[in-house]
Amino acid sequence: MADVNRGNRPLSPHLSIYRPQLTSMTSILTRLTGNALLLGALMVVWWLLAAATGPDYFATADWFMTSILGKLIMLGSIWALWYHSLAGLRHLIWDAGHGLEFEMAEKMGWAVIGGSVLLTIFTVILL
Amino acid sequence: MAYVTDRKRAVGLGSAKTGTEHHWHMQISSYALLLLVPLFLIAFGPMVGESHANVVAHFARPFPAIVTALMIIVGFQHFRSGVQVLIEDYSHGLTRKLLIIAMVCVSYGAMATGLFALVKLAL
């Protein structure tokens, strides 16, 4: 009886047969960046705790934060933070019922990608 | 004659049962973070690579301390709710429960640690 209303209903988007689109990819990346930000957030909290503990412990945390790996995590986190913020803004706009047309959704997808890269460069240069 | 309204007949029949409040809280924290993220980058960014004395002096000032504290509170609250959706989408049963409990502990643990550090730096 599950097929009773088959008709013109859209098929479920099984990932394996679903053509990758800008809208779906940017949405998946939103989830990825949001959850990956835990790494950078924990590093910042650890750095703050080290600063509050004393100069010796701070030297250790600061050494890690300014090491190649630490800088890589920082750079990735800055981009992830901007990407997730812009993509989140896009979701808030969608939730409010705007920008749901195909062209507008695609345009906002490119804006999120381009904007996050620009803001990351901007942040790294200015701060 | 049935006195039950159409809405009343539909309530509770969805597969999810709950979630409206969860989504609403995600929206509230999202709006807050749109403002907090740029402020946090301004407050925190310049301190990376600075000397210990400079860092202590910086976070003793009201603006960096308050903005960083708000970022830690709202950010980890938002993460706690967001990661729960991730876990619920991909895992089931006991694994799901344990993962959610673990991430709740990580979120509030990190939040408390960050706030303790800030208070100690600021006072």
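Two residues are in contact if their C-beta atoms, placed from the backbone, lie within 7 Å.

I begin with chain B. Among its contacts between residues at least 6 apart in sequence, 73% join residues at least 24 apart. Its secondary structure comprises five helices and zero strands, so that, read along the sequence, the pattern is α-α-α-α-α. As to overall form, the radius of gyration of chain B is 20 Å, whereas a compact globule of 123 residues would have one near 14 Å. The C-alpha trace of chain B spans about 75 × 30 × 20 Å along its principal axes. Of the 123 residues in this chain, 23% count as buried.

I turn now to chain A and to the confidence of the prediction. Chain A has a mean pLDDT of 89, and 89% of its residues reach 70 or more. Within chain A, confidence is highest in helix α3, residues 68–95, at a mean of 95. It is lowest in helix α4, residues 102–126, at 93.

Next, how do the two chains meet? In the model, 24 residues of chain A are in contact with 26 residues of chain B. On the side of chain A that touches chain B, the elements giving two or more residues are α1, α2 (55–65) and α3 of chain A. Of these, α1(A) gives the most, with 11 residues. By class, this side of chain A has 16 nonpolar, six polar and two charged residues.

Finally, the largest nonpolar core has 40 residues, and those touching the most other members are A:L48, A:A51 and B:A117. Two or more residues come from each of α1 (22–53), α3 and α4 of chain A, and from each of α2 (20–44), α3 (52–59), α4 (62–90) and α5 (93–122) of chain B. Here too α1(A) gives the most, with 10 residues.

Leaving aside neighbours within four places in sequence, A:A51 is in contact with A:F58 in its own chain, and with B:H52, B:V55, B:V56, B:A117 and B:L121 in chain B. Thank you for your attention.

Technical notes: Residues numbered from 1 in each chain as written. Chains lettered and ligands numbered in written order. Predicted model: local features only at pLDDT ≥ 70, side-chain atom pairs only at ≥ 80, totals over all residues. pLDDT = per-residue confidence, 0-100. Helix = DSSP H or I, 4+ residues; strand = E, 2+ residues; numbered from the N terminus. Rg over C-alpha atoms; globule rule 2.2 N^0.38 Å. Buried ≥ 20, exposed ≤ 12 C-beta atoms within 10 Å, placed from the backbone. Core = buried A, V, L, I, M, F, W, Y, C linked by C-beta atoms within 7 Å. Nonpolar A, V, L, I, M, F, W, Y, C, P; charged D, E, K, R; others polar.
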